[in-house]
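Please read the points below alongside the model.

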Amino acid sequence: MIEPIVRGDKPRVYLIDVTNRDGVQTANIGLSKLQKTMLNHYLDQMGVFQSEFGFPALEHETNYINANLDLQKRGFFKNIRLEGWVRATVEDVYKALKLTKVEHLNISISTSLIMTIGKFGNKINRDDILKMMTEAVDAAREAGVKTIGVNAEDASRTAAEREDQGYDEDYLMKFALAAKKHGADRIRYCDTLGYDHANSIYDSVYMLAKEVQLPIELHCHNDTGYAVANSVEGAMGALDAGVDAYINVTVNGMGERAGNADLVSVILALTKSRGLKDKDVLDPNVDLAMAWKIANYVARSFGVPIPINQVGVGSNAFAHESGIHADGILKDRKNYEIYSPEELGIPNELTLESGRIITTGEYGGLKGLKHVLSKINVDLTPEKERRVLQLVQLGTAHNQKPLLPDELRFIAEYPDEAAKLMTVTP
Ligand SMILES: [Zn+2]
């Protein structure tokens, strides 16, 4: 089954969130399996097309991945596609399919000479890279994987035989055409080092998409501050060549080194900026009103606060102080705002409980748990209550922080899946 190059009536931009894969690779921070699951849930509610939800060839992800696939069948996730990331080796593909029931894969290998030599030494040349990739795609296709994305890691530094000979579009095209011939549905153009510029990525992606006629994914890092601009311009290159674009984003831009393209910024750039505002290029299922909730959930989960000047969701994003600005905003908010806090789902007032508070946690009991659940309108049947208490205690230990109302509700409604995903098998 090959996906069409355009899903709807015209080429559009779809979002693939990679927080649960690239975001969690970030040095010094991580998410628990329960937090990754809740993030998939919020991304689904936000209308994000796909979540790159983990590493199916990695043993400690097995229960989490299979439990999330079960949750999809049970309707906890409605529309989002759950896809796993593997290296482009037949062994990784087989292992992923042996350990999990994953149905969608992205298969990754580097097309840049600098990484080929840097990672494999002189043992592997460019033809070997093509062979590894096509064999991995064949293995996935033969095993019945429903959609396959092929990732050209470090694509922006795909250089000719010598680095000083510059960017080698011919090799990248050869790579992408080989992937297509073997049944890939999409090509991921990775600006792994944040090396591209808005014009260069537009040109590279336009040429690639024109020639290959497959949807293109944009995976951009922020080492020069260009991640959002490059993602958007790369996507425009794909659209102008007549194919769909899939921008890889992470919540709050979390990701290795300087991070990835930020989810909320990409949505705002595609829908609020001059020239794009009226073009209607973004997948209409995307719901910006989830922005505040998802950004805050991920910030709390990673333990990394949102900067005050963060696009759209920072605490200063709608704060006005200078005399001229304050006067202007009071007369008409459009004087100093191109979007409103309501559009991003930012609540007018934060309701904080005060006075006597009862919480539930790692060492809590049944009475306290039932009190907390009654406040969020969750009733426990007598048969379930001991089991849910045990899982809430476990969940708190697993997250190493108090559980939030949505997490408690999830555990109460899906105790079997919650137990499975919190069980890590080495
Ligand atoms: Zn990356």
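1. Basis. The model is predicted, so local features need pLDDT of at least 70 and side-chain atom pairs count only at pLDDT 80 or more, whereas totals for chains, interfaces and linings use all residues. Residues are numbered from 1 along each chain as its sequence is written.

2. Domains. The protein chain is divided into domain 1 (13-301) and domain 2 (366-416), with bounds taken from an automatic or database domain assignment. Their C-alpha centres are 35 Å apart. Each side brings 7 residues to the contact, where two residues count as touching if their C-beta atoms, placed from the backbone, lie within 7 Å.

3. The domain 1 side. Helix H1 (residues 33-45) gives the most to the side of domain 1 that touches domain 2, namely 3 residues. Helices here are DSSP runs of H or I with at least four residues, strands are runs of E with at least two, and both are numbered from the N terminus. By class, this side of domain 1 has 4 nonpolar, 2 polar and 1 charged residues. Nonpolar covers Ala, Val, Leu, Ile, Met, Phe, Trp, Tyr, Cys and Pro; charged covers Asp, Glu, Lys and Arg; the others, Gly among them, are polar.

4. Leaving out residues up to four places away in sequence, Val 266 touches Val 228, Ser 231, Val 232, Ile 247, Val 249 and Ala 261.

5. Strand E3. In E3 (residues 81-87), 5 of the 7 residues are buried, meaning that 20 or more other C-beta atoms lie within 10 Å of a residue's own, with C-beta atoms placed from the backbone.

6. Pairing. E3 is parallel to strand E2 (residues 50-54) over 4 bridges, and Gln 50 has Arg 81 as its bridge partner. Pairing requires at least two DSSP bridges between the strands. Another 4 bridges join E3, also in parallel, to strand E4 (residues 104-110), with Arg 87 opposite Ser 108.

7. Crossovers. The chain passes from E3 through helix H3 (residues 90-99) to E4 in a right-handed β-α-β crossover; right-handed means that, with the strands pointing away from the viewer, the path from the first strand over the helix to the second runs clockwise.

Key. A residue is buried if 20 or more other C-beta atoms lie within 10 Å of its own, exposed if 12 or fewer, and partly exposed in between; C-beta atoms are placed from the backbone.
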